[in-house]
Amino acid sequence: MKKEHEILFTPFKIGNLEIKNRFVMTAMSGTALINKGQFNEGITDYYMERAKYGIGLIVSGLSVAYDMFGRDYWVNDAKEAFDGPIRELVKNIHKEGAKFFMQIGAGLGRVVNLETGAKFEGANVSKVQFASSELPNVWDPSKIHREITVEEIQRITNALIEIAAMAKDAGIDGVELHAVHEGYLLDQFAITSMNKRTDQYGGCLENRLRFATDIVKGIKSVCGRDYPVSMRYGVASKMKGFNQGALPGENYMEFGRTLEESPAVARMLEEAGVDVLNADNGSYDSWYWAHPPVYMKPFCNVPECEYISHFVDIPVICAGRMEDPDMASEIIQRGEIAAVGIARQFLADPRYVKKLEQGKPENIRPCIACHNGCLGSLLMGKGVTCALRPATLHEREYRITPAQEKKKVLIIGGGIAGMEAARLCALRGHEVVLYEESDKLGGVFIAAAAPAFKEADKKLIEWYEREMERPEIIVKRNTRADETTIKNEKADVLIAACGSVPKQIPINGIDREIVVDVKDELLSGCDENGNIVVIGGGLSGCEAAYEMAQHGAKVTVLEVKADILDAPGLSMANSTMLKDLMTYNNVEILTSTKILRINDGSVEIQREGAFSTIPADKVIIAAGYSPRKDFANTSLATEVYRIGDAASVGNLMTVIKDAYDVALKI
């Protein structure tokens with residue numbers, strides 16, 4: 001490994017338990033050990049693959065004591081799972097040298113997504129519509145959660161203690177309590193603005209933490225003082241009010257847990273028996289801190305986590321875009337944070353630790369903080385995966401196996417779809433020829449990766465370029481394919497991955513010189529001033545608007561729909577932060593707007609029945625794309641496929657999944 005990364009491979013201790021390195025795989029929803037009271041068989045391969053490739057500590061996804069499927073508590077249902085498959089899984093994880101914690105939780109309270117929960121067969125979301133006090137639901141503030149009863153609190157407490165005892169008996173190395181963190185149920189009790197109770201669970205800080213500390217004390221009483229208990233902990237809530245997050249650097253009054261109160265909270269948790277704080281910042285009201293999107297700088301939670309470590313004698317783990325090994329090494333070297341908490345990077349590349357250990361960090365497929373496959377997919381009721389790696393949590397379905405018959409595969413288009421198909425076909429043993437009409441690989445994603453905040457996207461393109469250097473792949477740049485060249489290649493398989501073209505929208509004056517396509521604007525650097533009008537409030541239009549506003553332009557976004565960023569699968573963490581950033585940078589957003597005409601120097605619009613004119617030195621068209629229909633001749637090869645935007649315009653997740661679906665059946 002590289003010398004500067006050696007510190008990441010030194011051990012640290014949680015209580016008396018030694019972890020072999022500084023890598024902690026934090027919990028991801030959908031990777032729970034228990035699902036509806038039964039062992040979740042789908043996560044076995046997922047955990048084992050990551051244990052095999054060097055992670056020091058794996059924390060399971062959340063198992064909540066109180067569910068919405070008709071069983072108040074699933075403890076009795078789960079005993080068979082703990083005695084059998086869970087015990088076996090833990091034994092196998094230990095054989096790989098990793099340690100394993102089970103994350104258990106008291107519930108979600110006001111952060112439960114009632115709409116998504118109702119999609120699960122057999123679910124009854126009314127069973128979990130409670131909170132510390134009467135509080136508005138995060139996703140639908142018109143829905144009010146009732147105050148949970150003392151009896152329910154005590155039943156949940158007892159259930160979690162019993163689950164921890166079963167976990168210990170099954171060989172699980174420790175439990176992580178979920179959580180005085182992110183605005184979940186225990187956090188709602190801990191925060192003054194969310195706890196208006198007058199009983200033993202409300203009022204002073206000791207009372208507000210009683211629910212959490214009683215659970216910890218109970219676990220220690222039953223499992224022993226030496227049995228490790230981790231607490232998922234939010235150092236500061238970073239919220240201005242219900243459903244109002246605070247941006248980095250913004251001057252605001254904290255509505256949730258303040259940084260000033262946090263040391264006292266941390267010390268009380270330690271005194272109760274917590275052995276490690278698995279920490280970051282934020283709440284569902286400021287979700288972009290706990291789940292940092294691409295707009296949030298890497299290592300965003302480090303200052304607060306380092307701060308809180310000064311007040312406790314237990315180790316602190318920090319999570320939140322912690323995957324850059326150079327910076328992670330520097331942070332661990334400072335000695336205030338014991339380990340780096342990483343989740344999404346392990347979805348994108350399970351061999352992350354092993355590649356670092358081998359001294360090959362450039363071979364790591366980078367997480368781009370898009371949230372499309374993890375949070376976005378989860379909230380659509382489809383479960384967790386990774387936009388860059390469909391095999392994540394679908395390891396058997398998308399296993400890459402050698403092809404039964406070696407074929408020559410011709411791919412037209414060197415965008416992400418084309419390169420992913422080329423990579424997979426090469427891994428399966430096929431001979432691949434890829435045609436790209438420009439001198440660069442990456443297609444439309446080059447423009448998407450152009451903004452300054454898209455460094456991870458740029459690294460992804462570089463990763464794909466290195467993958468195209470495989471000996472089984474021949475790349476022909478600056479080469480435009482036609483039917484003659486395709487026939488001369490004598491390929492068995494043709495994959496058209498030729499991308500898309502901008503939609504033609506019928507607006508008077510769209511051919512004027514002041515009009516520019518959003519892709520060209522992104523490639524030019526968005527270094528604008530003066531009055532800029534962006535037509536289209538989708539992701540590319542809003543990202544361009546934000547980038548131009550940062551450069552000093554006065555930007556107006558026009559959107560025909562009732563809201564901007566109305567895209568399937570787009571995570572709330574991403575969309576909310578981008579909206580907040582645009583507002584913070586004075587971008588004017590006009591929705592439900594009809595564009596009538598583009599003039600030299602202005603745009604005429606109609607909105608809410610009124611006509612107006614907006615000054616415009618430049619107009620950016622971000623109205624979307626349509627599939628490019630080239631190479632539709634199915635007689636050009638024995639097998640012909642269309643993938644990515646050439647088949648149906650989508651996002652990076654749909655593009656890569658297309659490539660998998662085709663490449664694995666050739």
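Helices (H or I, at least four residues) and strands (E, at least two) are DSSP runs, numbered from the N terminus. Keep that in mind as we walk through a predicted model, where local features need pLDDT of at least 70, side-chain atom pairs count only at pLDDT 80 or more, and totals for chains, interfaces and linings use all residues. Residues are numbered from 1 along each chain as its sequence is written, and side-chain values use heavy atoms, with hydrogens and water left out.

Glu182 sits in the loop between β12 and α5 (185-190), and its phi is near 60°, a positive value in a residue other than glycine. Most residues other than glycine have a negative phi, and most peptide bonds are trans. Glu182 counts as buried, at 4% relative accessibility; buried means under 20% relative accessible area, exposed over 50%, and partly exposed in between (1.4 Å probe, protein chains only). Strand β12 (residues 174-180) holds Ala179, and the peptide bond leading from His178 to Ala179 is cis, with omega near -5°. Another positive phi, about 65°, belongs to Asn586, again not a glycine. You'll find Asn586 in the loop between α21 (572-584) and β27 (588-590), and with a relative accessible area of 64% this residue is exposed.

Now for the inside. A nonpolar core is a set of buried Ala, Val, Leu, Ile, Met, Phe, Trp, Tyr and Cys residues joined through side-chain atoms within 4.5 Å. The largest one here has 145 residues, and Leu33 and Phe82 touch the most other members. Helix α4 (residues 150-169) gives this core its largest share, 9 residues. There is also a second, separate core of 36 residues, with Tyr288, Ala369, Ile532 and Ile620 among them.

Aromatic rings come next. Rings of Phe, Tyr and Trp (its six-membered ring) pair if their centres lie within 6.5 Å; planes under 30 degrees apart count as stacked, over 60 as edge-to-face and the rest as tilted. That rule gives 18 aromatic pairs. Take Trp139 and Trp287: their ring centres are 5.6 Å apart and their planes stand at 85°, so this pair is edge-to-face. Trp139 lies in the loop between β10 (135-136) and β11 (144-147) and Trp287 in helix α9 (residues 287-290), so the pair ties together parts 148 residues apart in sequence. Trp139 is partly exposed at 25% relative accessibility, whereas Trp287 is buried at 3%.

Tyr398 and Tyr660 make another edge-to-face pair, 5.6 Å centre to centre with 90° between the planes. Because Tyr398 is in the loop between α14 (372-379) and β19 (408-412) and Tyr660 in helix α22 (residues 652-663), this pair ties together parts that are 262 residues apart in sequence. Tyr398 is buried at 6% relative accessibility, and Tyr660 is buried at 2%. Elsewhere, ring pairs link Phe9, Phe23, Phe346 and Tyr352 into a cluster.

Finally, look at how some helices pack. Axes are lines fitted to C-alpha atoms, for helices over the stretch in contact, and angles run from 0 to 180 degrees between N-to-C directions. Helix α1 (residues 44-52) and helix α2 (residues 75-95) have axes 9 Å apart and pack at about 15°. That makes α1 roughly parallel to α2, since angles under 35 degrees count as roughly parallel, over 145 as roughly antiparallel, 65 to 115 as roughly perpendicular and the rest as oblique. Helix α15 (residues 416-427) and helix α17 (residues 455-467) have axes that come within 10 Å and cross at roughly 40°, which makes α15 oblique to α17.
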